[in-house]
Amino acid sequence: TEILGETTLPGSRKVLSLEFKTPDGKSLDFISLLPEGYSLEKWVSAGTSSVNPYKRLVVYGEQRATESGYVPFFSTAGAFLELLHEIGHIEATESVLKNKHPRNEAGRQELLKKIIEETGNNQDERAAWAYAVMKLKGLRSKGIDLEPELDTSDKIKQSVHLGGHRVLSKD
């Protein structure tokens, strides 16, 4: 269940809650998986998921592209895995920032700019996907299966894509 809040950026709305419920009544609000200080936004147009570490955002589109065209974002297998992948990017970036100990927000922004410049604006895809798969499996072990259709290692591997990812610019 998706609960949207106010418009925050042109063409996007803040996600107040993104609750996932299992058939046996367990629930998880996806917002609880975000690192401290981050929020989730939904683009009103079609789009893929992305991160904007400058604004502490994870974003996803109203729709996502599939082989047969655009479909509602959460209507196909792999959508939650894709968002976990974005959190994997954030976790890696925030880990580096934490070790550098920025004194204030201006220092954080400057360090962030350097990190992104050093990584060529394309953080380690394998590490982000590894984080996503481990988090997915960890949640499954607690009885919360965000991706029941991805029930084999092969199906999970098919859902992972290493190219075409982007990090939003500072603006």
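In this predicted model, L81 is in contact with W129, A132, V133, L136, E147, L150, I156, S159 and V160, when neighbours within four places in sequence are left aside. L81 is also one of the residues that touch the most other members of the largest nonpolar core, together with L18, F30 and L146. This core holds 29 residues. Two or more of its residues come from each of β2 (12-21), β6 (57-66), α1 and α3 (125-141). The most, seven residues, are given by α1.

Helix α1 spans residues 79-100 and has 22 residues. From the first C-alpha to the last, α1 reaches 33 Å, close to the 32 Å expected at 1.5 Å a residue. The helix is followed by H101, which has a positive phi near 55°.

Apart from neighbours within four places in sequence, the residues in contact with K42 are E2, L4, G11, S12, R13, V15, Y60 and E62.

The average pLDDT of the protein is 79, and 86% of the residues score at least 70. Over residues 163-171, however, the pLDDT is below 50. This stretch has 24 contacts in the model beyond near neighbours in sequence. Where pLDDT is low, predicted coordinates should not be read in detail.

How values were computed:
Residues are numbered from 1 along each chain as its sequence is written. This is a predicted model: local features need pLDDT of at least 70, side-chain atom pairs count only at pLDDT 80 or more; totals for chains, interfaces and linings use all residues. Side-chain values use heavy atoms; hydrogens and water are left out. Helices (H or I, at least four residues) and strands (E, at least two) are DSSP runs, numbered from the N terminus. The expected span of a helix is 1.5 Å times one less than its number of residues. pLDDT is the predictor's confidence in each residue, from 0 to 100. Contact means heavy atoms within 4.5 Å. A nonpolar core is a set of buried Ala, Val, Leu, Ile, Met, Phe, Trp, Tyr and Cys residues joined through side-chain atoms within 4.5 Å. Buried means under 20% relative accessible area, exposed over 50%, partly exposed in between (1.4 Å probe, protein chains only).
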